[in-house]
Amino acid sequence: MKKQYKLGVIGGGFMASAILKGIVYSDFMRAKKIIVADPSAQAREKLGELGVYTTANNRDVAGNCEYLLFAVKPQTFADAAASTKGLPVEKVITIMAGVKKQKIKDLLFGNNIKVARAMPNLPCSIGSGMTAVDLEDFSDDTDECSFILDVFGKLGEVLTVPEEKLDAVTGISGSGPAYVYMFIDGLIKAGVKQGLTEEEAKILAVATVKGGADMVAHSEDKTLSELISAVCSKGGTTIQAVESFKADGMEGMIDRAVAACVKRSKELSE
């Protein structure tokens with residue numbers, strides 16, 4: 001039976017809003033083909049400004065859409081799933097960290113349900129994000145895969161990975177923006193100590209991080225070690241900072257931080 005809406009969303013929070021803005025503003029899908037459920041009248045009013053249909057009833061969404069996106073917190077998923085009991089849910093997309101596909105299927109009462117797990121990050125809210133997506137359940141249908149990839153492609157870059165790699169994804173891109181912000185914050189504070197104003201240091205730090213990242217992305221013929229060497233000159237200034245980072249164990253510090261993040265992600269999925 002043909003559903004009234006192409007995409008239904010349960011949960012109208014920050015990331016759901018970012019996804020819907022990316023879809024609607026890019027003209028990828030007409031707003032009238034989207035329905036969103038959220039218990040907050042304020043959230044529904046804000047989402048309604050996009051032209052999507054809103055409701056407080058999860059069943060209005062789950063029973064009337066082709067693709068059902070769960071954009072709720074992992075700890076509230078069981079209640080959200082229970083509210084859809086008995087409805088013909090067939091294709092599910094989830095952005096919940098740590099909630100595995102089998103648990104989603106169990107709580108939605110059917111192993112025949114297809115589930116795609118996605119891990120978007122915060123910069124998706126400005127169209128510069130990174131999303132990793134597990135599409136294994138949809139691998140037999142090119143059109144379904146394309147639709148899901150296009151949804152997240154409106155928010156930035158997309159990478160397909162199997163579910164077992166999503167914990168690692170959380171440690172790198174899912175949580176990674178916080179690491180970048182910490183590094184930029186450190187550069188700004190260091191700049192202020194060296195006599196720059198906070199605004200001057202911020203402009204320099206942000207532009208340097210953006211430019212460095214762009215150069216990595218566009219220097220396929222050079223390794224990261226070669227790019228580092230290109231900035232350093234023997235007996236110069238950069239090598240002094242690089243040697244200081246090495247002495248302080250910067251690489252090990254990053255490795256331990258990512259490992260701690262991945263460990264927690266695995267704990268949440270158990």
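What percentage of the 270 residues of the chain count as buried? The share is 40%, where buried means under 20% relative accessible area, exposed means over 50% and partly exposed lies in between, using a 1.4 Å probe and protein chains only. Here are some notes to read beside the structure.

1. **Ground rules.** This is a predicted model, in which local features need pLDDT of at least 70, side-chain atom pairs count only at pLDDT 80 or more, and totals for chains, interfaces and linings use all residues. Residues are numbered from 1 along each chain as its sequence is written, and side-chain values use heavy atoms, with hydrogens and water left out.

2. **The whole chain.** You can find 12 helices and eight strands in the chain. Both are DSSP runs numbered from the N terminus: helices are H or I with at least four residues, and strands are E with at least two. Along the principal axes, the C-alpha atoms fill a box of roughly 70 × 35 × 35 Å. Take the contacts with a separation of 6 or more: 61% of them join residues 24 or more positions apart. Contact here means heavy atoms within 4.5 Å.

3. The unreviewed UniProt entry gives residues 6-98 the annotation "domain: Pyrroline-5-carboxylate reductase catalytic N-terminal". That span is 33% helix and 24% strand, and its end C-alpha atoms lie 26 Å apart. For residues 163-268 the unreviewed entry has "domain: Pyrroline-5-carboxylate reductase dimerisation". This second span is 80% helix and 0% strand, with 14 Å between its end C-alpha atoms. A word of care: UniProt positions follow the numbering used here, feature names are shortened, and annotations may be inferred rather than shown by experiment.

4. **The largest nonpolar core.** A nonpolar core is a set of buried Ala, Val, Leu, Ile, Met, Phe, Trp, Tyr and Cys residues joined through side-chain atoms within 4.5 Å. The largest one has 33 residues, and Leu7, Ile19, Ile34, Ile148 and Phe152 have the most contacts inside it. At least two residues of this core come from each of strand 1 (5-10), helix 1 (14-25), strand 2 (34-37), strand 4 (65-70), strand 6 (114-120) and helix 6 (142-153). Helix 1 gives the most, with seven residues. In soluble globular proteins, nonpolar side chains tend to be buried together.

5. Which residues does Ile34 touch, leaving aside its neighbours within four places in sequence? Ile34 is in contact with Tyr5, Leu7, Leu20, Ile23, Val24, Met29, Val52 and Tyr53. Another core, of 21 residues, lies apart from the largest one, and Phe70, Phe77, Val92 and Ile104 are among its members.

6. UniProt, in an unreviewed entry, places the feature "binding site" at Asn58. Asn58 is found in helix 3 (residues 58-62). Is Asn58 buried or exposed? Asn58 counts as buried because its relative accessibility is 18%. Leaving aside neighbours within four places in sequence, Asn58 is in contact with Ile10, Ala37, Ala80 and Ser83.

7. **Helix 7 beside helix 8.** The axes of helix 7 (residues 166-174) and helix 8 (residues 176-193) come within 5 Å and cross at roughly 30°. Axes are lines fitted to C-alpha atoms, for helices over the stretch in contact, and angles run from 0 to 180 degrees between N-to-C directions. The two helices are therefore roughly parallel to each other; angles under 35 degrees count as roughly parallel, over 145 as roughly antiparallel, 65 to 115 as roughly perpendicular and the rest as oblique. Thr170, Gly171, Ile172, Ser173 and Gly174 of helix 7 meet Gly176, Pro177 and Tyr179 of helix 8. These contact residues divide into three nonpolar, five polar and no charged, where Ala, Val, Leu, Ile, Met, Phe, Trp, Tyr, Cys and Pro count as nonpolar, Asp, Glu, Lys and Arg as charged, and the others, Gly among them, as polar.

8. **The cover over helix 7.** The buried residues of helix 7 are Leu166, Asp167, Val169, Thr170, Gly171 and Ser173. Their cover includes strand 6, strand 7 (129-134), helix 8 and helix 12 (250-269). Ser173 counts as buried because its relative accessibility is 15%. Leaving aside neighbours within four places in sequence, Ser173 is in contact with Asn121 and Met130.

9. **Asp27.** Look for Asp27 in the loop between helix 1 and strand 2. Its phi is near 65°, a positive value in a residue other than glycine. Most residues other than glycine have a negative phi. Asp27 is exposed because its relative accessible area is 67%.
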